[in-house]
Amino acid sequence: MQELQPRHTNKLVGETSPYLLQHAHNPVDWRPWGDDAFTEARRRGVPVFLSIGYSTCYWCHVMERESFEDEATAAVMNERFVCVKVDREERPDIDDLYMTATQIMTGRGGWPMSCFLEPELLRPFWCGTYFPKEPRHGMPAFTQVLTGISDAWRDRRDEIEAQAEQVAQGVRAALASDAKPTPVGRAHVTSAVESLLRSFDRTNGGFGGAPKFPQPANLMLLLEAREGSDGDTRTAIDAAVRTTLDRMALGGMFDQVGGGFHRYSTDAIWLVPHFEKMLYDQAQLVTLYARAAGVYDDDLYRRVVVRTLDYTIREMTAPPEPGATGFYSAQDAEVDGREGLNYLWTPEQMRGILPESDAELAITLYALDKGPNFQDPHHPDDEARNILFLRDRPENLAGGLGMSPEDLFGRIDAINAALYAARAQREQPHLDDKVLVAWNGLLIEALVAGAELTGEARYHEAADHAAKHILSQMRAPDGTLLRVERGGRAKTPAFLEDHAALIRGLVALHESEFARGDERLTAASQIAELAHSAFADPDGGYFDTRAGQSDLFVRTRSTYDGAVPCGSSLMLAALLALHRATGEEQHLDRAIGTLASLSPRLSESPAAVVEATRHLLVMLRDPGGLAGRIEFDERDAPAPAAPEDSPVDVFASAEVLEVGADHPASVRLRMVVKDGYHIVAADPGPGGEGLIPLRVGLVRGQGVAVYADYPEGEVYAPDIPGIESILVHKGTIEFDVAVEHAPGVGPSTGDPVLGITFQACTDTECLAPGTLELGVGIDLLD
């Protein structure tokens with residue numbers, strides 16, 4: 001059963017970030033980063049309070065419990081500021097911008113980050129990290145900070161705006177000399193694959209815990225890396241991909257009756273979704289399932305492709321008029337104020353719609369015989385109902401029912417058709433009927449993939465209709481591509497992601513077996529020139545926005561692939577596709593420049609720009625055309641290095657361990673934690689839920705199993721009512737690590753490499769978790 005209706009809901013409830021969703025029911029009137037928040041701050045003439053954090057940050061949780069969940073504190077925040085929340089892992093560009101400002105102003109930085117911005121240009125004028133609810137240890141209470149900042153804004157605004165400009169100049173100077181392009185190569189692809197395989201949920205599929213998002217770009221990288229991998233790595237990739245695809249297709253995340261995917265799963269098992277349906281999810285998941293259907297020759301995945309595309313054509317667009325139409329953005333989660341009501345069933349409803357034999361089969365197949373599995377959290381007195389899901393793959397269920405898979409599929413199709421006809425008589429979810437270029441570009445590519453997989457020309461025709469609509473109806477008089485169209489009115493100059501996604505879709509149309517002529521390829525080349533003119537950086541790569549945009553005081557270039565890949569990752573793929581289709585060298589030159597602009601981020605965290613990393617692998621497999629034009633990093637995977645000012649030093653008692661079948665080895669580790677810091681213990685206790693514990697293990701390679709005799713932590717109990725204590729380590733600790741021979745065990749092939757993961761915090765802030773290689777070699781004895 002779900003929780004009771006929350007007392008408060010703010011504008012973060014529509015976000016996808018787990019961190020932002022954690023704050024969606026605070027009494028603070030949080031808004032996501034965007035024009036809505038800035039316009040409101042300007043209208044009211046108040047500063048923006050910007051809070052940046054991440055989901056495993058202890059002090060972020062503390063500040064939420066102390067201040068952001070407190071009604072009185074929230075009242076002060078809402079009265080005096082427009083409050084904005086940002087997930088640093090989702091928006092590293094914003095995090096970098098304001099972390100630089102925080103370090104300039106305070107000499108240090110950490111999370112949670114708390115910045116106050118003037119509303120016109122969003123320049124920071126006062127920054128800090130954690131503030132307690134009550135004055136403590138020389139720190140002012142958070143409400144004192146709030147009232148002091150607000151009063152100063154009211155009484156000394158000219159002085160504050162002058163200070164904001166001084167800070168902004170410092171940030172611009174610091175970021176202007178940011179990381180230069182760096183060689184990247186196969187080791188970075190390997191690092192991303194290993195990272196994904198380590199975070200794979202082997203029981204339920206997906207990556208991480210609840211809420212669980214589809215993350216198709218992660219799985220596309222794994223499928224790309226599968227080709228050419230050794231047997232063990234391929235087996236690990238297959239387990240991650242197939243388990244995840246199966247669980248999503250069989251669970252409540254997939255609309256078993258009508259087709260299509262809901263936005264995300266609120267639990268770890270893909271059962272209870274957030275019922276909203278987004279076009280970008282349908283697009284990327286169709287492309288993923290089509291690729292997987294070809295790789296694994298899997299009929300279930302083919303059915304998912306067909307049923308999802310049929311859903312989008314049936315419910316997410318209007319009949320073509322005249323000969324062209326776009327696809328709509330989303331369907332709402334609620335009907336008549338009830339969460340998911342359109343998608344829920346009871347056994348009695350099944351029996352009232354279906355013939356007796358079909359009703360009993362449906363009740364068994366969709367697990368209604370196990371009792372209800374969903375209660376609307378906002379209406380706890382309503383009747384509990386069932387989200388439909390399949391307990392196993394249909395071919396496995398068929399055997400238990402004494403049927404062939406083909407016969408069972410036929411029965412399921414007939415049952416679903418009858419249930420869908422009945423469901424169509426219900427009140428339907430609200431349809432967000434605006435057309436967005438970027439999401440349509442992704443769907444065009446998906447429709448072409450569906451046409452290629454199934455041989456059905458109707459999918460290619462639907463894709464071509466959408467392309468025609470965008471090219472003819474979503475342009476300004478001067479030819480500028482416009483991002484949004486609704487009711488025949490197009491507006492808002494398109495961003496980099498819109499151009500890039502559309503190019504990908506247009507090239508896919510041109511390369512399809514159903515294509516006729518070069519019209520779509522010509523259009524793709526024209527859109528590429530528009531993008532280059534509007535967004536290109538003379539030093540290589542692309543900005544996300546046009547010059548002169550006012551919502552960031554530094555022109556942004558996102559380097560994070562979230563629910564939709566960032567503009568630069570999409571553009572890298574688009575340029576490579578254009579080069580493949582046209583053979584024109586300028587597209588390859590621009591792709592190389594785009595990869596170079598992404599290389600600092602990719603080198604540091606290749607899984608963060610997973611779509612770019614996938615296309616790096618594509619480039620590595622076709623080095624002929626790149627010879628002499630790009631420098632790839634051919635070294636082994638780079639060893640993570642501690643920052644120069646890391647508060648933790650790690651020492652090992654041995655440089656090399658010899659490990660054989662009957663010859664285990666051990667090493668003693670010594671960790672020295674700088675005064676004023678502590679690290680989370682291996683077992684932090686109940687209060688440490690969501691934190692990163694101390695861990696030693698393989699960071700890559702295979703062939704050994706690692707066991708650590710972690711010391712017990714000491715109690716760390718902040719003097720804060722309602723905050724649970726945790727176990728931590730301070731000062732110096734020592735412990736033994738045993739290494740045993742274990743063929744085939746490890747995140748990837750290659751020589752085993754030991755690493756240690758820890759999270760360091762002070763009494764007011766947490767640093768980002770880190771994993772360091774230990775520098776201890778392992779020789780495997782024959």
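Residue numbers start from 1 along each chain as its sequence is written, and side-chain values rest on heavy atoms, with hydrogens and water left out. Since the model is a prediction, local features need pLDDT of at least 70 and side-chain atom pairs count only at pLDDT 80 or more, while totals for chains, interfaces and linings use all residues.

Take the sheet to begin with. Its 3 strands line up as β21-β26-β28, forming an open, antiparallel arrangement; strands here are DSSP runs of E with at least two residues, helices are runs of H or I with at least four, and both are numbered from the N terminus. Two strands pair if DSSP finds at least two bridges between them. At the edges sit β21 (695-700) and β28 (770-773), each pairing on one side only. On average, neighbouring strands are turned by 40° against each other, direction ignored. Between β21 and β26 (residues 753-758) there are 5 bridges, in the antiparallel sense, and Arg695 has Thr757 of β26 as its bridge partner.

Now for the helices. α10 (residues 231-250) packs against α11 (residues 279-296) at about 125°, the axes being 12 Å apart; axes are lines fitted to C-alpha atoms, for helices over the stretch in contact, and angles run from 0 to 180 degrees between N-to-C directions. That angle makes α10 oblique to α11 (under 35 degrees is roughly parallel, over 145 roughly antiparallel, 65 to 115 roughly perpendicular, the rest oblique). Contact, meaning heavy atoms within 4.5 Å, involves residues including Asp238 and Arg242 of α10 and Leu285 and Tyr289 of α11.
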